[in-house]
Amino acid sequence: GLAAACQFAYYPADQGEAAFRDELGLAAKLISVGNTQAYLATNDDHVLVAFRGSESPTSIDGLKDWLLTNAGNLLIHPQGELATEFAAAGVDAKFHQGFVSAITA
């Protein structure tokens, strides 16, 4: 299920919503803010957020994403309020800088 959701995160809105519904039984909506896209998918028992990562380097846009975005984004420990929340939850992990920037914006 979760591996499928990761794959569906890259689908266009109409295909992604159908895939989440038909394959996972979840109502989904693509949310896009700036350079961050994620599907919010729910049913009566679950809430799932599937973020898109880097685009595949099989196109010019995907290659730019890999070379420019990923080259400048290292794994980091979150700072500030997010670090406090993670520490309270017992999470001590590094995250991709782009992901941390997206969820703290």
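Analyst: Lining the second largest pocket are 11 residues, and those nearest its centre are Ile31, Val33, Thr36, Phe51 and Ala102. A pocket here is an open set of points on a 1 Å grid over the protein atoms alone, with protein on both sides within 12 Å along at least five of seven lines; lining residues have an atom within 4 Å of a point. The model is predicted: local features need pLDDT of at least 70 and side-chain atom pairs count only at pLDDT 80 or more, while totals for chains, interfaces and linings use all residues. Residues are numbered from 1 along each chain as its sequence is written, and side-chain values use heavy atoms, with hydrogens and water left out.

The volume of this second largest pocket is about 170 Å³, taken as the space filled by probe spheres set on the grid points, which are joined across faces, edges and corners. Its lining has nine nonpolar residues, two polar and no charged ones. Ala, Val, Leu, Ile, Met, Phe, Trp, Tyr, Cys and Pro count as nonpolar, Asp, Glu, Lys and Arg as charged, and the others, Gly among them, as polar.

At least two lining residues come from each of β1, β2, β3 and α5 (97-104). β2 gives the largest share, four residues. Helices (H or I, at least four residues) and strands (E, at least two) are DSSP runs, numbered from the N terminus.

The three strands form an open sheet in the order β1-β2-β3, with antiparallel pairing. Its edge strands, β1 (27-33) and β3 (47-51), each pair on one side only. The twist from one strand to the next averages 20 degrees, with axes as lines fitted to C-alpha atoms and angles running from 0 to 180 degrees between N-to-C directions. Strands pair if DSSP finds at least two bridges between them; β1 and β2 are joined by seven. Ser32 stands opposite Gln37 in β2.

Phe20 in helix α2 and Tyr39 in strand β2 (residues 36-42) are 19 residues apart in the chain. Rings of Phe, Tyr and Trp (its six-membered ring) pair if their centres lie within 6.5 Å; planes under 30 degrees apart count as stacked, over 60 as edge-to-face and the rest as tilted. Phe20 and Tyr39 belong to one aromatic cluster with Phe8 and Tyr11.

How values were computed: On a 1 Å grid over the protein atoms alone, a cavity is a set of points where a 1.4 Å probe fits but cannot get out, and a pocket is an open set with protein on both sides within 12 Å along at least five of seven lines; lining residues have an atom within 4 Å of a point.
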